[in-house]
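Work through the exercises below with the sequence and the model in view, and try each task before reading its solution.

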Amino acid sequence: MPKQEILKKTTEHKIGKVTYLVSAAPSERATEPIEKKLAKMIRKEVVQSAQNAAV
């Protein structure tokens with residue numbers, strides 16, 4: 001997909017008095033679907049949370 005056609009999404013997040021603009025765009029070099037990537041990230045977070053709770 002040519003660079004002009006890549007959809008870029010920008011969202012606004014406020015934390016306290018600070019506003020952050022976060023931009024996201026799909027990678028042309030991605031090798032796995034977003035569903036797999038998110039599942040791996042969630043699993044990693046759950047394991048880390050469990051390890052921190054055990055300490």
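Two strands pair if DSSP finds at least two bridges between them, where strands (E, at least two residues) and helices (H or I, at least four) are DSSP runs numbered from the N terminus. This is a predicted model, in which local features need pLDDT of at least 70 and side-chain atom pairs count only at pLDDT 80 or more, while totals for chains, interfaces and linings use all residues. Residues are numbered from 1 along each chain as its sequence is written, and side-chain values use heavy atoms, with hydrogens and water left out.

**Exercise 1.** List the elements of the chain in order, and describe how the strands are joined.

*Solution.* Next, take β1 (residues 9-15) and β2 (residues 18-24), which run antiparallel and are joined by seven bridges. Within this pairing, E12 stands opposite L21 in β2. Finally, look at the turn: two residues lie between the strands of this hairpin, and G16 there has a positive phi of about 65°.

**Exercise 2.** Check whether the span of helix α1 agrees with its number of residues.

*Solution.* The expected span is 1.5 Å times one less than the number of residues. For the 21 residues of α1 (residues 34-54) this gives 30 Å, and because the end C-alpha atoms are 30 Å apart, the two values agree.

**Exercise 3.** Find how many residues of β1 and of α1 are buried.

*Solution.* Buried means under 20% relative accessible area, exposed over 50%, and partly exposed in between (1.4 Å probe, protein chains only). By this rule the count is zero among the seven residues of β1, and zero again among the 21 residues of α1. For the whole chain of 55 residues, the buried share is 0%.
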